[in-house]
Amino acid sequence: MRKGLLFVLSGPSGVGKDTILKELLKTDLKITKCVTYTTRLPRPGEIDGVDYKFISLAKFEELKKDDALLEWAEVGGNLYATPRDFVERKLEEGEDVILKIDVQGAMKVKELFPDAILIFIAPPSLEVLAERMKKRGSPVEEIERRLKIASREMEMARDYQIVLVNDDLEKTVEKLYEIIKSKQGEVCGR
């Protein structure tokens, strides 16, 4: 049995990673999304265990101490992490897994899994990203803070094998689908 492939999806806040992943998972791709931990509170419409596993800071620290986290990072004052056992088990079972994590986490995963396929989702420009954040209703100071972070994150795109510019949601999902399908085909020799 083949070992599963690990795909890592990253990009600045507001670039559309959640929407892209949601649309991708509606396709016929055989891929498992890893639900990550966070200490932040759920946003309206988010479901525990589906969007994230919402946990307390104490529980997060316990998982960290027990080496149960593949990677973790602080983003915007909240902690996020990938469960180690879930990813390792699924890959061993031959399932392909996709992680949606920040660039710090992606670099850590790359150290642990050199064969991981890193995909960076970029905005067409920082101006477009700012507009998207405004439409979400983000406060001006929050937008400015996130744009500074986005600028640094976009510099790290060079460390990814694949960079997709999300200028059209449908086309971006289509490209991502084709990339994953192609990588899966390479492994299976199809």
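**Exercise 1. Accessibility and backbone of D67**

Does D67 count as buried, partly exposed or exposed, and at what relative accessibility? Then place D67 in the chain and describe its phi.

Solution. The structure is a predicted model.
Step 1. The relative accessibility of D67 is 48%. Partly exposed residues lie between the limit for buried, under 20%, and the limit for exposed, over 50%. D67 therefore counts as partly exposed.
Step 2. D67 is found in the loop between α2 and β5.
Step 3. Most residues other than glycine have a negative phi. D67 is not a glycine, yet its phi is positive, at about 55 degrees.

**Exercise 2. The ring pair of F60 and W72**

Find how many aromatic pairs the structure holds, then classify the pair of F60 and W72.

Solution. 
Step 1. There are 4 aromatic pairs in the structure.
Step 2. A pair of aromatic rings is described by the distance of the centres and the angle of the planes. For F60 and W72 the centres are 6.2 Å apart and the planes stand at 80 degrees. Rings pair if their centres lie within 6.5 Å, and planes over 60 degrees apart count as edge-to-face. The pair of F60 and W72 is therefore edge-to-face.
Step 3. F60 belongs to helix α2 (residues 57-65) and W72 to strand β5 (residues 69-75), so the pair ties together parts that are 12 residues apart in sequence.
Step 4. F60 has 0% relative accessibility and counts as buried, whereas W72, with a relative accessible area of 41%, is partly exposed.

**Exercise 3. Other contacts of aromatic residues**

Which residue lies over the face of W72, and which residues do ring pairs link into a cluster?

Solution. 
Step 1. K64 is placed over the face of W72, and its distance from the ring centre is 4.0 Å.
Step 2. The cluster linked by ring pairs consists of Y52, F54 and Y80.

**Exercise 4. The cavity**

State how many cavities of 30 Å³ or more the structure holds, then describe the lining of the largest cavity.

Solution. 
Step 1. The count is 1 cavity of 30 Å³ or more. The volume of the largest cavity is about 40 Å³.
Step 2. Its lining is formed by L21, K33, C34, V35, T36, D51 and K100.
Step 3. Sorted by kind, the lining residues are 3 nonpolar, 1 polar and 3 charged.

**Exercise 5. Two separations in sequence and space**

Solution. 

**Exercise 6. The whole chain**

How many helices and strands are there in the protein chain, and how does its radius of gyration relate to the globule rule?

Solution. 
Step 1. The protein chain has 7 helices and 9 strands.
Step 2. Its radius of gyration is 16 Å, close to the 16 Å that the globule rule gives for 190 residues, so the chain is as compact as a globular protein of that length.
Step 3. The C-alpha trace spans about 50 × 40 × 30 Å along its principal axes.
Step 4. Of the 190 residues in the chain, 46% are buried.

Conventions: Residues are numbered from 1 along each chain as its sequence is written. This is a predicted model: local features need pLDDT of at least 70, side-chain atom pairs count only at pLDDT 80 or more; totals for chains, interfaces and linings use all residues. Side-chain values use heavy atoms; hydrogens and water are left out. Rings of Phe, Tyr and Trp (its six-membered ring) pair if their centres lie within 6.5 Å; planes under 30 degrees apart count as stacked, over 60 as edge-to-face and the rest as tilted. Helices (H or I, at least four residues) and strands (E, at least two) are DSSP runs, numbered from the N terminus. Buried means under 20% relative accessible area, exposed over 50%, partly exposed in between (1.4 Å probe, protein chains only). A charge sits over a ring if NZ of Lys or CZ of Arg is within 6 Å of the ring centre and within 35 degrees of the ring normal. On a 1 Å grid over the protein atoms alone, a cavity is a set of points where a 1.4 Å probe fits but cannot get out, and a pocket is an open set with protein on both sides within 12 Å along at least five of seven lines; lining residues have an atom within 4 Å of a point. Grid points are joined across faces, edges and corners, and a volume is the space filled by probe spheres set on the points. Ala, Val, Leu, Ile, Met, Phe, Trp, Tyr, Cys and Pro count as nonpolar, Asp, Glu, Lys and Arg as charged, and the others, Gly among them, as polar. The radius of gyration is taken over C-alpha atoms; the globule rule is 2.2 Å times the number of residues to the power 0.38.
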